[in-house]
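Have the sequence and the coordinates open side by side.

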Amino acid sequence: MAIKSASPTPSIFKKKSYPAMNTAASYLSAVSEADARARAHGGTPNSTPALSLSSSVTTSSEDTVLHEIFTTVHTEFGHCGNEDYRYTSHYNPAHPVKGVTEQDPPYYILLTTYISYILVIIFGHIRDFFGKRFKHSSYRHLLAHDGYAALNSDFDSFYTRRLKLRIDDCFSHPVTGVPGRTIVLLDRYSPNYNKTFLPTGTRTRAMNLSSYNYLGFAQGKGACTEAVVESVNRYGVSACGSRLEGGTLDLHMQAESLVARFIGMEDALISSMGFATNSTIIPALVSKGCLVISDELNHASIRFGVRLSGANVRVFKHNDMQALESLLREVISQGQPKTHRPWKKILLIVEGLYSMEGTLVALPQIIELKKKYKFYLFIDEAHSIGALGPHGRGVCDYYGINPRSVDILMGTFTKSFGAAGGYISGNKVLVDRLRVYGHTGPYAEAMSPPILTQIIASMASIMGITLPEKSSSSRSLIRNTEGPIPGVEYEQYPGKAPVSALPPWMLTPSTMVDGSEGLTRLRRLAFNTRYLNRGLRKLGFITYGHDDSPIVPLLLFNPGKMAVFSRLMRTRATPIVIVVVAYPATPLVTSRVRFCLSASHTKEDIDTLLAACDEIGDLLDLKQAAGERWPLHEIITRAVELVNMEEVP
Amino acid sequence: MKGHLQEIDELVDEWVPEPLAAPLTPREQADLAAIPVIIGPTGPKPKLASGKTVVNLATYNFTGLAGNETIKERVIDTVRKYGLGSCGPPGFYGTQDVHIQLEQDIADFLGTEASIIYAQAFSTISSVIPAFCKRGDIIVADRGVNFAIQKGLQISRCTIRWFDHNDMKSLEQVLQSTEKEWRKKKGPLTRRFIVTEGVFDHDGAMSDLPKLVELKLKYKYRLILDESVSFGSVGRTGRGLTELYNVPASQVDMLVGSLANGLTACGGFCAGSHIVVNHQRINGTAFVFSAAMPPSLAVAASEGINILRSTPSILSTLQDNVRAVRAVLDKVDCITIPSHPASPMIHLNVRLPSPTHLLPVASPSLASSSGKPSNPLSVHPRDPEVFDVELEERLLQDIVEEALVQGVMLTRSKRLRGQELTEVRPSIRLNLTAALTRKDCEKAAAVIKAAFIKVVSKRK
C-alpha cells in the first residue's frame, strides 16, 4: 500500500471513521487498469514479477506504485522466477495415503540409543545423589525446606534437569526480526553448562527451517503488512474485552464470514489463541455421557480441552483405520462404562497434518467409517489449513472432499497466515451455540484488530477477490444458510472472496485480486515440500510423513546426535536453524529433526539444505534407509523430475 | 463368532446419537443478537453498527490506553520490522527480543525476579495452576474465584478446600482445619497453595493482601494471586494490589495478571522468582504448546508499562471517575454494589423492593445454622445468597438496552450458567476508564440510575 496518498492522517479517521464504500472498488478498478496497461507493455509476465526478479523493479512512473507492492525482501521471501519450481498439492487416488510407514533403523542404532539414555540417566542420578548432599544451595528448590514442600519434585523434573539441560542451547534461542526465509539469531553463550545464557551482543542471520510460515506470510513488507499498518492506524491494537461483553468489532464479523467462506463452511468463530480454541471450545461440544475418540498423537490443546469437558476418552493407534474401526465397534456395542447406556454422542478428533510425524489423516476412509458408525468428526487443521490442497483449503481440499461432510473444522492462523489465534467452523446452529457456550465468548479477550486484518488480507490473497462488476455469478457462494446441498454448493467452493467481504479501507493490489500471489505461494510451498521429502529419501535418510507434508521429520534416533546436528547446522558457512524434538514429544527412541518448509524458500535454499544434510548425515551415520539412492548433484539437477514423479520408487 | 459380529452390526445400526449441537433457545438467540457491534476503533466513545456514538462503560480500558498514538506508532514500527505473527512456539525460535524485553519490563514494574508471558489472558492462570499443583497437593481457594481459575483447579486434580468469599477469618479456619487433618493423617509434606484473586472478576470485591500474606507465611502456603482485573487498574501507578497495600510483590509466589485488560494489548503473565518462571517454560501447557504472542503486541504492552510508569495521573483520573460514579450509584435504592470502593470494575446487582417473595422456603433453618462455618470440602457456602437468576438477568438486560438507547453502552457480566462452580449473582459490570472525563462519567451514571429506576419500577 504505497498508495498512501489516498489515506488521510489518522486523526481525520477518528472523526470520520468510514470513507465511502466505493473507495476500495474504485481503487480496484484503477489497479486492474494499471495492471492491464503493464501487461500490454509486455513489461511484466503473468507471474508476480517481484517474486521472481530482484527487489528493484521499476518501470514507468504511474506503474511504480504497483511494483512496489509486489516487492518482497529477499531475506524474508526468497525470489524465485523459475516457473518449473512449482507444484500443485493434490491427492492422487492411485496412491492412497498409507497409515504409517515407519522404517526401523539397524539394530545397532537402536541399541546405542538405549545405551545412551541409560548412561545419561545413571549419570544424572549419581549427580543428584551427591549434589543433594554436598551442593545444597543448587538443589534448594527440589528439597523440602522451612516447612515448605519442594516446588517441583526432583523426579518430575529429572528429565528436564539431566537430559534436556545438556542440549538446552538448541531450544528457546532468542531471535529478532521477521521469522521468514531467514531469521536473525541473537547469539548467546553459556558460562555454566546451559544453566543460564548470556547474550554475546552479536547477531547471526540464518536460513530458517524452524518457523511455521508455510505460505511465507511472515513479512515486514507487502500488501498484508500494509493492511495491518493501516488497521493499527484506524483501530489501535485492542478490542478491549470479550466477544460477548462489548469486544465485538466490525472486523470480527468480516473476518469470521471470510474464514467461513475460505473453509467452505456455513459459519465460523474466531478465538484469540490457537491453543485456547481447542482447550476452551471442546468442552462446549461434549460433556459427561459423551465419548471422544482421539488419535494417540493429538496435540496437547485437544487433550486439555477433552479433560475439561468431562467426556470419556478412548485413544486409537496413530492413523490406524483398522484400530479405529474395531474401537468404534467396541464402544458402540458396549455403551457407557458400568451403566452400558448408549453414548449420547461420539466425537472423533483427529488432526489434518500431524506436526511431529508429517503424516496426513486418512480422510477418505474416515468419511466412509463416519457414514457407517454415525460419529461426529472434528478435524484440527492447525498445520494443514493453507498448507495443503490445490486451493490451500486444507485436507478436504487436498482430498477433494466436500468440507461440509466434516462436522467441525478447526484450525489456527499462526502457521499459514502469519497471524495468531484460531477458528472453529461448522454449521450455523453449531457455531452460534459455541459462541454462547464456549469459554472464549464470555471470558477471553477478543482478537486484536491487527491480527484480524492480517487474517483477512492473507486469506483474501489466497482466495483472490471478485470485483463488483463481474461478481454477480460467483457471489452466490456467500454463506448459504439453506443447509448443505452438496452438489450445488460444492461447485461454488472454493471460490473467490467478494470485495464486499473485505474492509472498505483495505487496499488490494492486482496480484491479490487475481489470486496469483496466493497461488504462487501455494505452488512454491508444494514444490519445496516434495523436493525436500524426496531429496532426503534419495540421500538415504529415514524420514517420516507424507511427501506433500511441509513438515519433514528426519530421524536421528540417538539423543546425542540431536545437539550435534543442531549445532553443526547452525555453525555452517550458511547457518541453518532447525528444530530438534525428542521424548516426551516423540517416542523415546525416535529423536528427530523437524524441517518446516515455507513458500519463501527458493529451490537453491533446499539445495543448500540438502547439501548440509548430506554432509552431516555422513558424519553422524544417519543414512540408514533402504532403497535406491542418488548422489547429491543428481538430486539437485533432477529436482523437477523428482518432484513430478508419481511415486518415488 | 459370526453371530457376535452380526450383533455388533445391529447395535451399530440401532444406535442413534444426539444431535451435535442443540439450537439456541429464542432467549439465547436474542441475547446473541443484542450484542453491540462496534464499527471502527473501540475506545471511550465508540460508534456502533446502529450509527450511534455511545459512552463505553462495558469494555476493559481502565488506563485509557486503547488508541494511544505512541503505542500505535511503536506497534507500526514493530510490524514493519518483525511482521505480524511470531510463527512458532517460544521453545522453537518463537522467542523474540521484544518478548524478553516485555518479560523484563513486567518484572521490573512489579519488582519480582522474573516473569513469563502467555498469549492469552484467559489461558494463563488455567495453565499456571496445573504447572505447579499436582495430584495430592492441597489448594485452598476462595469460593468466588473466576472461571479461568476454576478450570485450572479442575485440570490440576489437587485436593481442594474452599473458604468463604473474601473472608479472611474463614480462610484461617480452613487453613487450621487442613493443618489438623494433615497432622492426623501423618501424610508426607505436600505442596500447599492459596489461590485467590486481587479484585474479583465476579463481583469487584478486593482481597486483603497483607492479611493473605500474613496467613500464607504463618501456615507455610504458597500464594497464587490472580490480578487479571487489578493489574493496571489499582495502585498509584497501576501496579495492582501489591502497590495499593505496599506489599512487596516478591511476597506473592505466583502473581498472575492480564496484559489485555490493564494494558489493552493481549495476553497474560505470571511474575515470580526465577525458579517459578523457569519451571513454567517447560511445564506451562499454554506456554509450551502455543505460538508466542505477536511481537507487535508485546511491544504495545511494554509501551503501556512505560506510559503507566511516567504518568501517575492516569490512575488518579481513573480513581476520580470511580468516585464520581459511585457517588451517584451508591445511593440508589434498587442497586446493590458488591464491589470495593476503589475498584474500577463495578458490579451492579439489581435490588428488588421485597426480596422475601423469592424465598418460598422458610428461612429460619438458614438463620439458625448461620454463624457456623461452611464445609471446606464443598464449593457451596453454608448460607448461599438467594436470588432469581432468570428474573434478574432479564431485568438487567432490559436495563442494558434502556441505557444503550440513552447512549451508554453497558454489558451484563456474561457467565456460563451451569458451568460455573457456584451460581454467580447476575450483575451489570461497569469498567470505568481514565479516558472519560469526570463529567462524562457523572452523566453516564445518571443514565444508569434512571435506567435502573425505570426498569425496576415498571416491573411492579
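In β14 of chain A, A:Val577 is the bridge partner of A:Asn208. The model is a predicted one, in which local features need pLDDT of at least 70, side-chain atom pairs count only at pLDDT 80 or more, and totals for chains, interfaces and linings use all residues. Residues are numbered from 1 along each chain as its sequence is written, chains are lettered from A and ligands numbered from 1 in the order in which they are written, and side-chain values use heavy atoms, with hydrogens and water left out.

Strand β3 (residues 198–208) of chain A pairs with β14(A) in the parallel sense over two bridges. Strands here are DSSP runs of E of at least two residues, helices are runs of H or I of at least four, both numbered from the N terminus, and two strands pair if DSSP finds at least two bridges between them. The open sheet that holds this pair has four strands in the order β1-β2-β3-β14 (chain A), and its pairing is mixed. Because β1 (175–176) and β14 (576–577) of chain A have a single partner strand each, one side of each is left without a neighbour in the sheet.

A further open sheet in chain A has three strands, ordered β13-β16-β15, with antiparallel pairing. The twist from one strand to the next averages 30 degrees; axes are lines fitted to C-alpha atoms, for helices over the stretch in contact, and angles run from 0 to 180 degrees between N-to-C directions. Three bridges join β15(A) to β16(A) (residues 591–596), and A:Val580 stands opposite A:Val593 in β16(A). Helix α20 (residues 516–539) of chain A lies across β13 and β16 of that chain, at about 25 degrees to β13(A).

Between the chains, 115 residues of chain A are in contact (heavy atoms within 4.5 Å) with 105 residues of chain B. Chains A and B bury about 9,500 Å² between them, 64% of it on carbon and sulfur atoms; buried area is the accessible area (1.4 Å probe) that two parts lose on being put together, summed over both. In chain A, A:Leu151, A:Glu245 and A:Tyr443 lose the most area to chain B.
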